[in-house]
Amino acid sequence: MTGIIRAVCISEKKGTGKVDIGQGQFVEDFGLEGDAHGGKWHRQVSLLSYEKIEEFKALGAKVKDGDFGENLVVSGVDFAALPVGSRFQIGEVVLEMTQIGKECHHGCAIAQAVGKCIMPTEGVFARVIKGGRVRVGDRLEVMEGEKESWN
């Protein structure tokens, strides 16, 4: 399965929307350089399917890339349908999915405005296995095969 990176987003503070910066440096076992969510934990990078955002917009939501707190917006991949432990390769970068969904923080602006948010069911989180640069337009490959051969 292959997807295309549509946005690379960061925020300086947790609990705020992110801004599309077009490209970013992913740091092994940390996350996206300059993003408030980077660190030595299991939710270093967040990913959201472009198609799910578009479905949400069709409900009347006025959202832009990064508003859900996602680092990567990717078309062509339904992340929530993949199992935890799935790995993704973007050029030299390798990410491993660690969690599907999360509860929105109290007072989520999107949930207040629209009545619901897609991050609890559609957003996924990953840790950075191998770092490198990711740009809008890059291909994301869902890696197949045995985990032992992924390193």
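How many bridges pair strand β3 with β4, and in which sense do the two run? Hi everyone, let's start there. Strand β3, residues 23-27, pairs with β4 over two bridges in the antiparallel sense, and V27 stands opposite G31 of β4. By pairing I mean that DSSP finds at least two bridges between two strands. Strands are DSSP runs of E with at least two residues, helices are runs of H or I with at least four, and both are numbered from the N terminus.

A word on the source: this is a predicted model, where local features need pLDDT of at least 70, side-chain atom pairs count only at pLDDT 80 or more, and totals for chains, interfaces and linings use all residues. Residues are numbered from 1 along each chain as its sequence is written, and side-chain values use heavy atoms, leaving out hydrogens and water.

Back to our strands. They belong to an open antiparallel sheet in the order β4-β3-β10. β4 (31-32) and β10 (132-135) are at the edges with a single partner strand each, so one side of each has no neighbour in the sheet.

Now to β5, residues 45-49. Five of its five residues are buried, meaning under 20% relative accessible area with a 1.4 Å probe, protein chains only. V45, L47 and S49 point one way, S46 and L48 the other. β5 pairs with β9 (residues 124-130) in the antiparallel sense over three bridges, with V124 as the partner of L47. Three bridges also join β5 to β6 (residues 72-75), running parallel, and here S49 stands opposite V74.

Finally, helix α1, residues 50-58, has K52, I53 and F56 buried. Its buried residues fall within an arc of 100° seen down the axis, so they line one face of the helix; that arc is taken from the directions from the helix axis to the C-beta atoms. Thanks, everyone!

Conventions. Buried < 20%, exposed > 50% of the residue type's maximum accessible area, 1.4 Å probe, protein only.
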